[in-house]
Amino acid sequence: MKTQDIELSRIKEPALPIRQQVTNEDVRDLVESIRAVGLIHPLVVKEVEDFFEIVAGHRRLRALQLLGLTSASCRILPG
């Protein structure tokens with residue numbers, strides 16, 4: 001599985017989300033943790049056409065967006 005930085009704008013939710021809707025309140029502590037120590041575990045995504053679908057890390061993705069970051073380290077699952 002390769003790892004690379006991917007623009008957050010290219011990462012989409014799956015057609016059938018695994019988690020219920022993630023709210024800002026759900027990720028408040030995670031935002032503070034990422035602000036303090038950075039992203040420890042990369043997001044896990046799979047490539048779908050011209051974008052990436054989030055497989056693991058829905059809350060981390062939301063926290064990164066709230067922090068105003070534009071890209072993140074992601075592990076890309078093979079085709």
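This is a predicted model: local features need pLDDT of at least 70, side-chain atom pairs count only at pLDDT 80 or more; totals for chains, interfaces and linings use all residues.
Where does Val 27 sit? I placed Val 27 in the loop between β2 (11-12) and α1 (28-37).

Is Val 27 buried or exposed? Its relative accessible area is 0%, so I noted Val 27 as buried; the cut-off for that is under 20%.

I then checked a distance. Val 27 and Arg 60 are 33 residues apart along the chain. Their C-alpha atoms are separated by 7.7 Å.

Next came helix α2, residues 58-66. I listed His 58, Arg 60, Leu 61, Ala 63 and Leu 64 as buried there.

What covers the buried residues of α2? I found β2, α1, β3 (43-48), β4 (51-56) and β5 (71-77) among the elements that do. After α2 comes Gly 68. Its phi is positive, near 80 degrees.

I turned to α1. Which of its residues are buried? They are Leu 30, Val 31 and Ile 34. These residues cover an arc of only 105 degrees around the axis, so they lie on the same side of α1. I saw that they pack against α2.

I also looked at the face of α1 turned away from the buried side. That face carries the exposed residues Arg 28, Asp 29, Arg 35, Ala 36 and Val 37.

Last, I checked what comes just after α1. Gly 38 is there, with a positive phi of about 90 degrees.

Technical notes
Residues are numbered from 1 along each chain as its sequence is written. Side-chain values use heavy atoms; hydrogens and water are left out. Helices (H or I, at least four residues) and strands (E, at least two) are DSSP runs, numbered from the N terminus. Buried means under 20% relative accessible area, exposed over 50%, partly exposed in between (1.4 Å probe, protein chains only). Contact means heavy atoms within 4.5 Å. The arc is that of the directions from the helix axis to the C-beta atoms.
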